[in-house]
Amino acid sequence: MNPRSYNRRAVLRSLAGGSLLMPGLVSQLLADDSSADPLAPRSTELPATAKRVIFIFSNGGVSHMDTFDPKPKLFAADGKTMGIGGGLSNQQRVLLRPGWQFKPGGKCGTPVSDLFPHLRECMDDVCVIRSMKSDDNEHYNATLGLHCGSFFFSRPSIGSWISYGLGTSNRNLPSFVVLAAASPYAGTQIFNNDFLPAYHQGVRVMPGKEPITDLDPRSTQEGLQKMEMDFSGAMNARHLKARGGDTDLAARIRSFETAFHMQSEAREVFDVDKETDETMALYGMKRGQTDGFGWQCLVARRLAERGVRFIELVDGSSSHNWDQHGDMAEHAKHAEYIDQPVAGLLKDLKRRGMLDDTLVVWTTEFGRTPGVDGTKGRGHHSACFSSWMAGGGVKGGITYGETDDIGAAVAGNKVHVHDFHATILHLLGIDHERLTYRHGGRDYRLTDVFGNVVSDILA
Amino acid sequence: MLATLCPVVAFSAFTSTVASAADGDAVFYRALNLNGPALSIGGHDWESGAGARDFEARGKTFDNQNVPLVPKTGLNRSRMIRSSVWGGDVELTLKRVPAGKFQVFLYVWEDNRSETFNLLVNDRLIQPGVRSGGAGEWKKLGPWHCESRDGQLKISARAESSGNGAANLSGLEIWSGDGPVPAEPAPAFADNPTPEQLAFFESKVRPLLVANCYDCHSAESGKTKNSLSVDSRESIRHGGDSGPALVSGAPDESLLIAAVRHTNPELTMPPRKKLPPEDIAVLEEWVKMGAPDPRVGGPSAAPAARAPVDWEKARAWWSFQPLTKPAPPVVRDTAWPENGIDSFILSRLETEGLAPAEDAAPGVLIRRLTYDLTGLPPSPEEVDAFEKSAAASGLTAAIREAAGRLLASPAYGETWGRRWLDVVRYADTAGDNSDFPIPQMRLYRDWVISAFNRDLPYNEFVREQLAGDLLPQRTNDQLIATGYLANARRFGSRVDDYPTHLTIEDTIDNFGRTFLGLTINCARCHDHKFDPIAAADYYALYGIFNSTRYPWPGIELEQRQRDLVPLVPEDQVAAVLAAERQRSDELERLKKNEKKLAEAAKKASDGPEKEDANQKLEAARQAVREAAVRPQAPQAYAVAESEKPADVPIQLRGDPTKSGPMVRRHFLTILGGAELPPDDHSSGRGKLAEWVLAPSNPLPARVMANRLWQGHFGKGLVATPNDFGKQGRAPTHPELLDWLASEFVSKGWSVKEMHRLIVTSRTYRQSSTPRSPEAHEKDPGQALLSSFPRLRLSAEAIRDTLLELGGSLDRAPGGEHPFPPQEKWEYTQHNPFKAVYPTNKRSVYLMTQRIQRHPFLAIFDGADPSTSTAQRTTSTTPLQALFLLNDPLVHEQAAKFADRLRTSLPAEPDRFHAAWLELFARPPGPEEVESAQAFLSGLRSKLAATGQPPEAVESEAWHALIRALLRLNEFVYLD
């Protein structure tokens with residue numbers, strides 16, 4: 001995959017000939033040459049207001065009318081039957097009143113339900129989008145579409161596209177990290193590089209003992225691995241010298257150095273013990289805790305600080321999530337699980353001055369039906385749902401778009417998943433129509449042939 | 001039904017949409033939308049069936065406005081058709097009908113599978129055996145002449161046989177009198193507008209269109225989304241992919257108005273902001289007056305007129321040219337070429353002023369050749385034998401001999417079969433949302449491996465994969481071969497709106513790339529933008545695969561396999577299927593019995609009665625268990641002919657809900673366009689295989705010759721092996737490609753012959769070090785083969801070698817995967833099938849999931865199991881390095897390898913020698929021995945300092961040495 005460059009080779013060869021070649025030097029040379037380095041940071045054509053993204057995904061379908069989209073008339077229409085459109089809910093159902101009251105949050109007064117009391121305090125920094133729309137009422141397809149812009153075929157994930165478009169500034173950490181305790185719908189496809197080169201693969205971090213596979217040195221002896229590295233380094237240098245400084249070989253030598261440093265640097269990122277009590281409390285964490293959503297959010301901040309380009313936090317799994325067909329009351333425990341951690345993340349980023357250039361996105365794959373499912377639940381509803389964005393050049397303290405009186409359909413300023421993606425890329429300085437990759441005879445885009453930037457929410 | 005472009009008619013004509021009846025003509029009496037609202041169709045008012053006066057309907061109600069209608073029709077008529085009253089015994093009764101003669105029309109439609117029913121008027125059979133047709137088909141039946149009876153008109157639909165025969169009745173239209181029913185008046189557009197109408201257009205309509213629509217729908221903006229432009233009279237009336245935008249005089253039937261009203265959530269224009277009501281009213285008013293429009297011959301006057309494919313010009317493209325057999329060119333250095341290949345390569349090098357590289361050392365060559373043909377390293381004995389043979393009888397003879405040995409090894413098929421499996425995106429699961437396992441799929445994998453090993457001629461290899469089941473006296477193997485088609489990807493979770501069109505797209509996409517090197521699927525939504533492939537060509541092939549029965553792997557809402565093919569001789573298939581049916585009926589009966597006895601046992605009172613009931617229940621349970629495990633005939637996950645092979649219509653913009661004209665099944669026009677003969681009632685797959693393999697089609701030989709070349713050199717002569725079209729890359733050596741392709745054909749499509757030809761060439765034998773520094777400059781990517789391109793081992797080769805070195809590799813064939821038994825399949829998108837089965841067999845036998853990549857293969861650039869991988873990428877990532885640093889597999893196998901060396905060889909220099917030979921096929925140099933010794937002694941002192949016993953120190957030190965060697969570039973790269 002590395003484009004070979006004759007000049008680069010020549011430089012390396014002349015250095016090798018002069019016996020100046022040392023592994024460290026190889027790395028340095030390669031790092032300076034962006035053509036040989038698919039992850040070198042790249043500037044953008046458009047001005048970027050966000051440098052990195054923290055993408056929080058609540059799996060299962062979070063009800064919009066119970067969280068961010070107040071529907072007084074739905075409270076009033078409880079028990080009545082009205083025509084309700086939208087996929088699986090394409091049938092007449094008895095309406096179910098929302099289970100939580102709404103109160104204004106922040107100075108702006110954006111209403112948020114009692115499910116998110118902590119997050120409500122942050123509304124001055126948040127733009128709530130109430131007119132999201134997806135194309136599919138199946139968890140799997142909607143989750144895939146939300147991440148890859150394709151509802152059926154596996155395609156590169158948004159994080160991979162952004163890694164491909166922007167590269168990354170810290171080569172001792174991956175450019176795209178996914179913090180997921182368990183597998184969401186559509187599994188690894190949601191953070192897959194697919195046809196993009198493997199450099200842009202999302203690296204899954206699992207809260208627990210070994211957050212990244214094979215991260216921990218297995219040798220029992222301290223320093224043993226370093227000795228092995230030195231020996232293979234010397235052998236590799238001799239091999240490289242005899243082969244005219246082939247950049248593929250040099251790049252592989254460098255990948256071992258990166259991996260070697262990742263073992264300690266990545267470890268350090270996941271070790272949140274150095275954080276103050278006050279910070280731990282902000283995220284709703286107890287000292288010593290190495291999992292939970294507070295841990296995920298705090299580690300996200302630490303990854304963002306160290307230059308990771310795209311960080312996804314997965315909330316819930318394919319079998320345990322916000323999919324409340326049976327009893328909407330269960331939304332409470334799912335909300336409680338993320339409310340304080342996410343609010344803590346926003347506050348922490350803000351006080352550190354990081355919210356200005358960090359885009360925080362919260363979304364789910366679809367909303368839920370205004371009509372009842374069973375006796376106390378709600379069904380899948382892709383016709384409309386709510387998401388929000390904060391920081392990174394997004395207007396805070398506003399809401400955008402609207403749904404009809406009962407939250408059954410978008411009533412104005414529709415934001416389709418493709419528009420959502422186009423807007424995220426725009427904030428990062430990328431024109432979604434120009435970020436393309438040639439594969440199998442076609443130029444592919446994250447937004448396929450769709451997508452409009454929602455310019456009304458740009459600060 | 002409503003004409004889209006009407007003849008020029010005076011404006012006044014448009015006002016009389018309802019023509020008055022001529023003398024003797026029948027007169028409109030009543031029309032009922034049986035399960036929908038009141039609306040206007042063809043200028044007549046239709047009543048809503050629900051609650052209509054003097055009317056009763058018996059039957060169930062059904063409404064699905066998402067089914068695409070065939071043929072398409074206007075908005076209101078479509079709405080009426082897609083809602084219906086249905087059942088096996090439907091009755092519609094009109095009461096208080098005056099005495100007299102009437103004519104009845106009945107609209108019937110079909111939403112999924114065809115049904116057959118009888119129609120009766122006043123209990124008299126007037127149309128027997130009506131077939132409703134395929135999904136979306138509708139018919140206006142009648143007129144049936146009849147008289148009212150006792151003040152009633154009764155229309156009934158009855159199932160022809162029990163079980164099948166549910167009729168969907170949408171609308172009823174009744175005329176009185178028995179004269180001719182006047183044709184529906186076509187409302188005319190206002191083509192000679194009055195000055196007032198023009199003023200209305202200019203002052204109100206044009207500004208609205210310019211401000212709100214032109215951005216995406218005009219020639220000026222360069223965008224005509226959904227193929228619609230609204231900047232000329234012709235184009236706005238013609239409409240876009242969804243049909244005509246305007247129906248003169250009928251705002252309610254006009255798509256443009258529906259779009260601005262945002263009535264259909266799928267069609268809301270403008271997309272962001274709904275127009276204010278007053279603007280919508282302006283457009284409604286305009287349509288009502290016949291859409292007067294002075295923009296005649298505007299910029300988009302020729303709407304949707306994409307230039308048709310210029311076939312003559314298209315045929316000039318290099319890959320469509322007939323296959324030639326150029327003579328190998330004359331070269332200056334006549335001593336160098338070993339065979340024809342070399343003349344082509346050298347001639348090009350000489351033109352560039354370059355000389356080929358030296359022959360590589362025998363050790364390098366045997367390592368290259370062994371990995372190339374078998375994916376495994378040569379043993380030290382094999383290295384030794386090769387070197388001796390080369391010294392004694394020369395490189396050519398040595399290579400020929402070694403190649404013969406390697407090609408005869410089962411490992412050959414395992415390696416080259418895997419390359420084929422990459423291209424056909426092989427997976428052991430279906431790819432639906434729950435990723436159902438396909439235990440039988442591995443039969444196809446094994447067939448591919450065996451086909452390579454027994455050198456099945458490539459043309460037969462292709463034929464059997466496309467139509468093995470249709471061959472005369474077909475064998476089980478030939479049935480299994482069609483697993484190629486069956487393996488197409490599945491989608492979704494539901495059965496009701498199962499996206500068959502996506503599975504067929506996946507089939508066509510892979511078929512085009514694999515056998516023809518063409519991206520046919522680009523023609524799904526429109527004619528191919530770059531290559532001469534029309535949308536009609538795509539749907540011609542679509543018809544063939546739509547006429548093919550794919551096996552059902554199971555899906556969330558229907559979790560059991562069906563439609564697999566029993567592996568028995570053709571004349572026994574029917575009997576086996578009947579036995580299967582009997583067996584499942586029997587099982588069903590036994591289960592019912594068990595349930596009944598279970599209830600009885602529950603109710604039975606304690607004591608002997610209970611005991612007796614329990615005994616009976618246990619016996620019943622045993623019977624169920626026995627019946628469930630009764631051996632079935634083995635089955636293949638393979639295709640068969642569908643019940644009713646048929647042509648299909650074009651899907652506009654690839655949207656299965658938007659049908660265009662029907663297309664006869666045929667082969668790609670650019671490749672001759674042969675049509676399925678009219679008397680051929682098969683799916684057409686047999687013919688398709690013939691068309692693909694016709695001597696006039698140069699592509700299969702070129703494409704496969706290129707794949708074989710790529711397998712040996714890492715890069716094809718055409719660098720885009722799946723795309724020989726305009727978006728692909730031109731061949732670096734076009735004459736060589738044709739020479740190879742014609743050799744291939746003339747040698748009976750023998751793949752092994754091609755291997756022999758290539759590996760005995762001088763080109764293959766070159767060192768990877770170029771002869772001169774200029775070679776770097778003039779041939780940077782080694783595209784000209786001025787030296788052998790250095791290759792990285794594949795994911796499979798790395799894993800297999802690690803296991804082999806550790807003495808752990810199990811060389812037995814793969815066999816079955818340990819999938820759970822089908823009775824236990826309860827996979828859903830919430831809990832999808834997900835497994836990694838540990839095995840020490842070769843990596844080609846790893847269970848491969850379509851939507852979850854195997855963790856090891858994902859890290860090392862393994863094939864993408866969801867789409868064709870024509871060429872593996874070779875990325876170099878820290879995760880790969882972490883694997884080699886820390887993964888247990890590496891540590892275990894390194895330890896086993898080191899222990900093996902230590903136990904078998906007491907002297908340290910011998911151990912170094914053996915290790916280097918096994919890893920790199922060469923002995924260590926003196927410097928390397930020195931480094932290794934220094935490294936070991938450093939380790940020993942470090943480890944001894946921790947107080948470990950000497951044996952542990954020695955063992956640990958050797959483990960560390962081998963681990964370090966396994967991380968070397970020299971280990972994963974082939975010179």
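How many residues of strand E9 (residues 310-315) of chain A are buried? I looked this up first.

**Entry: ground rules.** I am working with a predicted model, where local features need pLDDT of at least 70, side-chain atom pairs count only at pLDDT 80 or more, and totals for chains, interfaces and linings use all residues. Residues are numbered from 1 along each chain as its sequence is written, while chains are lettered from A and ligands numbered from 1 in the order in which they are written.

**Entry: strand E9 of chain A.** Six of the six residues of E9(A) are buried, so I call this strand mostly covered. I count a residue as buried if 20 or more other C-beta atoms lie within 10 Å of its own, as exposed if 12 or fewer do, and as partly exposed in between; C-beta atoms are placed from the backbone. Strands here are DSSP runs of E with at least two residues, helices are runs of H or I with at least four, and both are numbered from the N terminus. A:Phe310, A:Glu312 and A:Val314 point one way from E9(A). A:Ile311, A:Leu313 and A:Asp315 point the other way.

I then looked for the partners of E9(A). Strands pair if DSSP finds at least two bridges between them. Strand E1 (residues 52-58) of chain A runs parallel to E9(A), with six bridges. There, A:Ser58 has A:Asp315 as its bridge partner. Strand E7 (residues 176-180) of chain A is also parallel to E9(A), joined by five bridges. A:Val178 stands opposite A:Glu312.

**Entry: chain A overall.** I find twelve helices and 19 strands in chain A. Of its 459 residues, 59% are buried. Two residues are in contact if their C-beta atoms, placed from the backbone, lie within 7 Å. Taking contacts in chain A between residues at least 6 apart in sequence, I see that 76% join residues at least 24 apart.

**Entry: where A meets B.** I find 56 residues of chain A in contact with 64 residues of chain B. On the chain A side, helices H1 (6-17), H5 (139-148), H7 (224-241) and H8 (247-270) each give two or more residues. H7(A) gives the largest share, ten residues. By class, this side has 23 nonpolar, 21 polar and twelve charged residues. Nonpolar covers Ala, Val, Leu, Ile, Met, Phe, Trp, Tyr, Cys and Pro; charged covers Asp, Glu, Lys and Arg; the others, Gly among them, are polar.

**Entry: A:Leu249.** This residue lies in helix H8 of chain A. Why is A:Leu249 counted as buried? Because it has 24 C-beta neighbours inside 10 Å. Leaving aside neighbours within four places in sequence, A:Leu249 is in contact with A:Leu240, A:Arg243, B:Asn969 and B:Tyr973. A:His239 is ten residues from A:Leu249 in sequence, and 8.9 Å away C-alpha to C-alpha.

**Entry: helix H7 of chain B.** H7(B) (residues 340-351) has twelve residues. From first C-alpha to last I read 17 Å, close to the 16 Å expected at 1.5 Å a residue; the expected span is 1.5 Å times one less than the number of residues. Its buried residues include B:Ile341, B:Phe344 and B:Arg348. The buried residues of H7(B) pack against helix H21 (734-746) and helix H22 (751-759) of chain B. Just after H7(B), B:Gly353 takes a positive phi of about 75°.
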